There are 4 protein chains.
Amino acid sequence: MARPRSEDRRSAIMSAAIRIIASQGLGAPTATIAKEAGVSNGSLFTYFDTKADLFNHLYVELKAEMAAVAMDRLPVESDIRQQMARMWSQWLLWATSSPEKRRALAQLVVSDDITPESHQAGKQAMAGIVKLLERSRENGPMRDVPLSFVAALMSALADTTIDFMIQDPANADQHCAAAFDALWRMVA
Amino acid sequence: MARPRSEDRRSAIMSAAIRIIASQGLGAPTATIAKEAGVSNGSLFTYFDTKADLFNHLYVELKAEMAAVAMDRLPVESDIRQQMARMWSQWLLWATSSPEKRRALAQLVVSDDITPESHQAGKQAMAGIVKLLERSRENGPMRDVPLSFVAALMSALADTTIDFMIQDPANADQHCAAAFDALWRMVA
Amino acid sequence: MARPRSEDRRSAIMSAAIRIIASQGLGAPTATIAKEAGVSNGSLFTYFDTKADLFNHLYVELKAEMAAVAMDRLPVESDIRQQMARMWSQWLLWATSSPEKRRALAQLVVSDDITPESHQAGKQAMAGIVKLLERSRENGPMRDVPLSFVAALMSALADTTIDFMIQDPANADQHCAAAFDALWRMVA
Amino acid sequence: MARPRSEDRRSAIMSAAIRIIASQGLGAPTATIAKEAGVSNGSLFTYFDTKADLFNHLYVELKAEMAAVAMDRLPVESDIRQQMARMWSQWLLWATSSPEKRRALAQLVVSDDITPESHQAGKQAMAGIVKLLERSRENGPMRDVPLSFVAALMSALADTTIDFMIQDPANADQHCAAAFDALWRMVA
DNA sequence: GATGAATGAGTATTCATTCAT
DNA sequence: AATGAATGAATACTCATTCAT
């Protein structure tokens, strides 16, 4: 993929896209994104072939960032429940404290522009999290359910919880904890 | 006196919209929907003021149908778990056997065109289901969590499960059952 | 850096608009104007925000051109009557020898798309002419009538005369002269 | 032309058209006119073949009414100047006291929808007025100018004066008188 | 004749992408 | 490589007119 042109410009476009998508949705003109990034509209297309291409890169990158934050400094010496709890709270914390990234990501997930390859890459990024989940449910009631299904259920719970945390910030921590308990009951 | 507005035409447009949205998304031209419905371009607008108006009616109607099917012939004499189980399987069955409706609904939920009023109406339609959920969690671990949050978590599980059932029809029943057990563990 | 906005293209659009409006009226499609100008559909909108914007610029520009021609090389050393006569004949000459501009202008004057600002600008352009008129009626019978009213009457006479000159070119000069005499009797 | 259907409905449509054109212009939908007239939109087309047909009838009728009022109860025993003055003030009075008719007429005059035949009919209606004008200028400075030209100049003065009378009602009478004096100076 | 639903041609404006400078 | 003007396909909605009832 050979580092193209200026990495700065490229990431400026990415950040701008996040802000614009968060506020205006995926239908926002590329020209708007370019202007927000301080670049000409033509320039956007030297960094990304098409609008959809930009969206795909953004999707993968956001998913990766989310997963990385969730798994950051995992207390590997602690028991699995504590590791999961830590991962869970890091995940939701990232989402609630980066609302624009979260909102952009939410739109991208359901977009038809995201290719199967990108979805696959998104899953890859979640591999660590899923691994943790796998250990969690090892002896639990869902031990025979396809792991990808369990992972999808977990993600669904996370997304819903994030919505409530953002919507009702005063009780964000309680929502986060309640949802984790629910998840744990579900799988472990 | 004059040709009366025909309920048939109206529902032909609705059905066409479901099919077209399922296959082409919300960005599909109104002309395409009209043609699929076998009516003229302009006729669509004698039945719906705007494209968004059509979307809103469609959303509310689909949500209502879904809820009605889910609650249909509930075994009121059985215990609450059996009632929930029945509701759950009816719900998921409807979604998996009406994949176009399901897909259209999934797009509509996240559309900016859907007004708060329609979202409200959608919630109203779910009232019976939520009532059932309320009784289910009465003495359960989530008894103190806001009911709307629990309901949202349930919906998230349902949607995810539906995806897996459609994707892997051979094991649809198992997915359905596994998810219900998970839900029950979560709330009861 | 990039291809600069071209004054040529802009005026090509303006000229095309004059021709098209003259022959098809203000209802003519912007696409027709663009084609006549030899530019793309979309290009018209990089030079003018809206169709109405184009119309307003056109109106002001035509009015200004008309006034400029009328006042061009005024024989300042001659008496006021001769100055007025010169102005009058230049005015009507411009209109009759630029029938498309004249016709376009006639449509634009009565268009709802022309903003008060543009009408104001149009009046500004006529200021020199009105000044001449003011001196002409200084000691005449209309000395106490509001100047703007007298000016409007003069314009009405001019427009009507132009129509007859175009309609009956063989006697254009006579019409022009007869109308000027009439005007002079009216005001001086 | 055989009195068609109900004369009441027909004139209801005409009156409605006057009001609607005055307020919305010639671009107003026929459906709006029909509704204002209390008729179905389809009905409008049993009384007038096309929208343009309605406009033409309206034009001729308004012009005729205007001319009739102007010539009503002319003091035939008085001298020609007094007859002209009376006609003039009746004319302008009609216009200023029927602003909707006046506004509609003003739009219709410049409309492309008005056929040469209708314009001709409009002129016919003005015949009496023109006759009066002819006698007025009999020995005046414009005695050799084509009568139709003089008539057009007079109409132009009238229209302009009406505008000022409506715009500045407090001085309407003065404007009316000043313009008549100007006209008289012009022709007699 | 009256009604108003059905028709479908017509149009300003937007925007992803290309390309001249 | 950067710029931003040029392109032209795409689309919701309107409205005169027709026609089924």
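Predicted model: local features only at pLDDT ≥ 70, side-chain atom pairs only at ≥ 80, totals over all residues.
The largest nonpolar core has 127 residues, and the members that touch the most other members are C:W88, C:W91, C:M186, D:W88, D:W91 and D:M186. Helix α9 of chain C, which covers residues 147–167, supplies the largest share of this core, with 11 residues. Apart from this core lies another one, of 126 residues, whose members include A:M165, A:V187, B:L54 and B:W91. In soluble globular proteins, nonpolar side chains tend to be buried together.

The next stop is the contact between chain A and chain B, to which chain A gives 21 residues and chain B gives 21 residues. Together the two chains bury about 1800 Å² between them, and 79% of this area is on carbon and sulfur atoms. On the side of chain A, the residues that lose the most area to chain B are A:F149, A:F164 and A:R185, which together account for 32% of what that side buries. Between chain A and chain B there are 0 salt bridges, while 2 residue pairs are in polar contact, counting pairs with both residues at pLDDT 80 or more. The elements that give two or more residues to the side of chain A that touches chain B are α9 (147–167) and α10 (172–187) of chain A, and α9(A) gives the most, with 9 residues. Sorted by class, this side of chain A has 16 nonpolar, 4 polar and 1 charged residues.

B:R73 is found in the loop between α4 (51–71) and α5 (80–97) of chain B, and its phi is near 45°, a positive value in a residue other than glycine. Is B:R73 buried or exposed? B:R73 counts as exposed because its relative accessibility is 67%, and the cut-off for that word is over 50%. In chain D, D:R73 lies in the loop between α4 (51–71) and α5 (80–97) of that chain, and D:R73 has a positive phi of about 45° although it is not a glycine. With a relative accessible area of 68%, D:R73 is exposed.

Terms used
Residues numbered from 1 in each chain as written. Chains lettered and ligands numbered in written order. Heavy atoms only, no water. Core = buried A, V, L, I, M, F, W, Y, C linked by side-chain atoms within 4.5 Å. Buried < 20%, exposed > 50% of the residue type's maximum accessible area, 1.4 Å probe, protein only. Helix = DSSP H or I, 4+ residues; strand = E, 2+ residues; numbered from the N terminus. Contact = heavy atoms within 4.5 Å. Buried area = accessible area lost by both parts, 1.4 Å probe. Salt bridge = Lys/Arg side-chain N within 4 Å of Asp/Glu carboxyl O. Polar contact = N/O pair within 3.5 Å; in protein donor to acceptor, adjacent residues only side chain to side chain. Nonpolar A, V, L, I, M, F, W, Y, C, P; charged D, E, K, R; others polar.
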